[in-house]
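Reader: Could you walk me through how to read a model like this one?

Author: Gladly; let's take it feature by feature.

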Amino acid sequence: MQTKMDLKKSETEELIDKAWQGRLERDDAIALYNIDPITLFRLADSMRKRAVGDYVTYVVNRNINFTDICIGDCAFCSFRYNEGYILSIDEILKKAEEAVERGATEVCIQGGLLDNMKLEDYKMIVTSIKDRFPSLHIHAFSPMEVYHAAKTSKMDFRDVLKELKKAGLGSMPGTAAEILVDSVRSKICPHKLSSDEWEDVIKEAHRCGIPTTSTIMYGHIESIEDRIDHILRIRRIQKETGGFTEFVLLPFMNKNNALGKIAGRRCGVDDMKTHAISRVLLYNVINNIQASWVKLGLNMAQISLLFGVNDLGGTLMEEKISKSSGSKVGEYLSPDDIEELILKAGRIPRRRDTLYLLV
Ligand code: SF4
């Protein structure tokens with residue numbers, strides 16, 4: 001006769017089998033999220049090992065946030081109007097130059113939405129950097145910024161993407177995704193593009209040959225089901241286009257923003273379960289699962305390497321967005337520091353470029 005214990009065990013084993021076969025659906029994913037954490041962590045770590053081995057990658061890059069002025073009103077934003085600055089092209093070039101001097105292969109450029117900023121202005125940023133530093137990879141402009149450029153320039157976003165690519169855009173951050181569930185978006189970023197619009201811009205970028213990252217901002221008012229729906233949407237898009245380079249987990253930072261006043265408190269186990277379930281649901285679909293050391297903190301980012309994560313993102317040099325919302329770990333991690341963190345987790349550090357070629 002089968003006991004309750006046996007039944008539970010066999011259900012868990014069935015979920016694990018489905019995970020390895022890439023057959024997990026929504027209900028399975030929710031059940032897997034709720035099994036005992038150690039089982040989930042072990043599964044995620046085995047999948048990480050099978051997918052990418054023991055290498056942990058990072059990129060030497062620099063963020064350039066060209067303005068903090070924004071017509072948006074996202075409830076989670078602590079960055080908007082902190083200083084009220086707009087960088088000139090010369091100032092942007094100076095930052096790019098500093099990045100090159102420190103060995104960066106990438107600049108990541110994003111900014112607030114200026115009501116008069118048109119496609120030509122976005123292109124000017126790209127071409128100015130490309131003219132001066134032809135080999136520097138430009139990873140820039142979220143789907144929201146592309147959407148905004150299309151609106152201010154009265155153009156189709158498809159043409160905006162083509163023009164940016166022609167100007168030298170190498171890839172795009174898959175930010176502005178937050179949680180791709182409209183009932184959540186209507187509360188946390190009601191004036192941002194909808195989930196379907198985000199997906200349209202991303203898929204078109206992939207069709208144009210612009211790879212993007214994919215992201216999730218979790219740990220505020222969304223439910224576990226919302227997180228699962230978000231990750232499954234990312235999985236579906238990747239199966240269609242193959243254009244995502246990585247999945248980046250961005251824990252919500254609750255300081256100096258309206259959402260922080262109503263959001264629940266994040267906890268370490270939940271952080272790690274979210275990283276682990278991402279590895280499991282994206283197994284064989286997106287190989288690179290990235291933890292954000294700026295947002296998680298160095299210790300938790302290092303621990304995440306044991307729970308499915310294989311990439312620690314960039315060394316950064318400058319980080320305004322997380323800092324304004326409460327990050328205390330600083331704005332720069334040297335390659336030596338990042339490698340030490342990886343080695344102490346028993347993994348092998350590898351420097352990569354934006355598109356995951358080892359450098
Ligand atoms: S998150 Fe971006 S779009 Fe939203 S208010 Fe902040 S700067 Fe503007």
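Reader: What percentage of the 359 residues of the protein chain count as buried?

Author: First, some ground rules: this is a predicted model, where local features need pLDDT of at least 70, side-chain atom pairs count only at pLDDT 80 or more, and totals for chains, interfaces and linings use all residues. Residues are numbered from 1 along each chain as its sequence is written. A residue is buried if 20 or more other C-beta atoms, placed from the backbone, lie within 10 Å of its own. Here, 47% of the 359 residues count as buried.

Reader: How many helices and strands does the protein chain have?

Author: Helices (H or I, at least four residues) and strands (E, at least two) are DSSP runs, numbered from the N terminus. This chain has 16 helices and nine strands.

Reader: At what angle do the axes of H6 and H9 cross?

Author: Axes are lines fitted to C-alpha atoms, for helices over the stretch in contact, with angles from 0 to 180 degrees between N-to-C directions. H6 (residues 143–152) and H9 (residues 195–207) have axes that come within 9 Å and cross at roughly 90°. That makes H6 roughly perpendicular to H9 (65 to 115 degrees).

Reader: Which residues of H6 and H9 meet?

Author: Contact requires C-beta atoms, placed from the backbone, within 7 Å. Pro143, Val146 and Tyr147 in H6 meet Glu197, Trp198, Val201 and Ile202 in H9.

Reader: And which residues surround the ligand?

Author: The criterion is a C-beta atom, placed from the backbone, within 6 Å of the molecule. The shell comprises Cys70, Gly72, Asp73, Cys74, Cys77, Phe79, Arg80, Gly112, Leu113 and Met144.

Definitions and conventions
Parallel < 35°, antiparallel > 145°, perpendicular 65-115°, else oblique. Contact = placed C-beta atoms within 7 Å. Buried ≥ 20, exposed ≤ 12 C-beta atoms within 10 Å, placed from the backbone.
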